[in-house]
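User: I have a structure to go through for class. Can we take it piece by piece?
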Amino acid sequence: MDYFDSLQGIMGLELLAPFFFGVVQIFSLVLAIVIRYHFRHFSFAHDQRAKVISNVFLAGVIAFFAGSLILLIPFLL
Amino acid sequence: MISLQANEHILFMHRRHWFPLFLVLFRIFLGVVVVIVAPILIRIFIPELFIQYSQFIYFMMLLAIQALWTFLFLGITDYYLDVWIITDARLILVELNGLFHRTVTSIDYVNIQDVSTRIVGLIPTFFHYGDVTIQSAGTFGEFTFKEIAHPNDVREKILKVRNEYLSTHEHHPAEQSLRST
């Protein structure tokens with residue numbers, strides 16, 4: 001509680017939330033690009049399952065991005 | 001993209017056994033459980049903190065689940081793109097050691113000198129998975145495919161295909177056909 005209060009005192013939730021948001025989104029985006037690249041380039045052309053896996057992953061990253069962006073808005077206002 | 005030579009056909013494809021993948025999925029599942037249970041515990045034991053920071057806690061929950069989602073697909077990628085392809089002309093070993101270290105090895109049957117298997121431990125013995133090692137001629141060295149299902153069957157298949165290949169293709173007299181023992 002004290003630690004969190006002091007951390008909030010330094011940064012404030014309106015800074016802390018976008019910071020965590022940015023870190024996680026950049027991490028996910030970079031990995032989404034790399035994983036899609038691997039699935040597109042290092043599997044067989046006819047391998048539909050590889051395409052499905054990479055599409056599901058990307059869809060999840062986009063959905064999480066949208067969800068966390070909605071939850072981020074109150075901290076920015 | 002993995003491409004085959006003209007008139008080359010895939011006979012078998014092998015991936016790692018499902019149990020190592022299951023362990024990765026189980027760890028991710030435990031992470032999700034912790035992320036869901038932690039706010040409930042905060043709500044029970046420190047309700048004033050939960051009331052004050054509920055929006056932030058939900059926000060961090062979602063970010064944590066997103067990070068776990070990413071780690072889940074890292075595990076699936078590592079599992080799915082590690083593959084052994086046995087064709088009628090050669091062995092192709094594709095291994096991903098982390099996202100930026102990828103090894104693709106192609107071994108002609110002529111260069112295969114020995115195929116050995118290794119099953120170590122209680123769980124691999126129980127679930128029938130282990131390592132298959134290919135000893136190849138010259139400077140190619142040794143190749144190991146780890147945690148493959150039914151390693152002895154895979155070894156038998158490789159030796160059988162190799163022997164068929166050598167009996168139908170011209171090869172050096174010193175290269176003896178391996179006996180499947």
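Analyst: Start with a term: two strands pair if DSSP finds at least two bridges between them. Also keep in mind that this is a predicted model.

User: OK. Which strands make up the open sheet of three strands, and in what order?
Analyst: The order is E5-E6-E7, in chain B, and the pairing is antiparallel.

User: Which strands stand at the edges?
Analyst: Strand E5 (112–118) and strand E7 (142–149) of chain B. Each has a single partner strand, so one side of each is left without a neighbour in the sheet. From one strand to the next, the twist averages 20 degrees.

User: How many bridges join E5(B) and strand E6 of chain B?
Analyst: Six, in the antiparallel sense, with E6(B) covering residues 129–136. As one example, Asp114(B) has Gln135(B) in E6(B) as its bridge partner.

User: What lies across E5, E6 and E7 of chain B?
Analyst: Helix H4 of chain B, residues 151–168. H4(B) runs at about 165 degrees to E5(B).

User: What holds paired strands together in general?
Analyst: Strands of a sheet pair through backbone hydrogen bonds, either parallel or antiparallel.

User: Now the open sheet of four strands. What is its order?
Analyst: E1-E2-E3-E4 in chain B, with antiparallel pairing. The edge strands are E1 (10–14) and E4 of chain B, each pairing on one side only. Here the twist averages 15 degrees from one strand to the next.

User: How do E3 and E4 of chain B pair?
Analyst: Strand E3(B), residues 90–96, and strand E4(B), residues 102–108, are antiparallel over seven bridges. Val94(B) has Val104(B) as its bridge partner in E4(B), and Leu96(B) has Arg102(B).

User: Pick one residue from E3(B). Is Ile92(B) buried or exposed?
Analyst: Ile92(B), which sits in strand E3 of chain B, counts as buried because its relative accessibility is 4% and the cut-off for buried is under 20%.

User: What is Ile92(B) in contact with?
Analyst: Leaving aside neighbours within four places in sequence, the contacts of Ile92(B) include Leu4(B), Glu8(B), Val83(B), Trp84(B) and Val104(B). Ile92(B) and Ile107(B) are 15 residues apart in sequence, while their C-alpha atoms are 6.5 Å apart in space.

User: Switching to helices. How do H1(B) and H2(B) pack?
Analyst: Their axes are 9 Å apart, at an angle of about 175 degrees. That makes H1(B) roughly antiparallel to H2(B), since angles over 145 degrees count that way. By class, the contact has 25 nonpolar, two polar and one charged residues.

User: Which residues touch the most other members in the largest nonpolar core?
Analyst: Ile35(A), Phe39(A), Ile53(A), Phe57(A), Phe73(B) and Tyr80(B), out of 20 residues in that core. The elements giving two or more residues are H2 (13–41) and H3 (48–76) of chain A, together with H1 (18–45) and H2 (47–80) of chain B. H2(B) supplies the largest share, six residues.

User: What does Ile35(A) touch?
Analyst: Not counting residues up to four places away in sequence, Ile35(A) touches Phe57(A), Phe73(B), Leu74(B), Thr77(B) and Leu99(B).

User: What other core lies apart from the largest one?
Analyst: One of 19 residues, among them Trp84(B), Leu91(B), Ile112(B) and Phe143(B). As a general point, nonpolar side chains tend to be buried together in soluble globular proteins.

How values were computed: Residues numbered from 1 in each chain as written. Chains lettered and ligands numbered in written order. Predicted model: local features only at pLDDT ≥ 70, side-chain atom pairs only at ≥ 80, totals over all residues. Heavy atoms only, no water. Core = buried A, V, L, I, M, F, W, Y, C linked by side-chain atoms within 4.5 Å. Buried < 20%, exposed > 50% of the residue type's maximum accessible area, 1.4 Å probe, protein only. Contact = heavy atoms within 4.5 Å. Axes fitted to C-alpha atoms, helices over the stretch in contact; angles between N-to-C directions. Parallel < 35°, antiparallel > 145°, perpendicular 65-115°, else oblique. Nonpolar A, V, L, I, M, F, W, Y, C, P; charged D, E, K, R; others polar.
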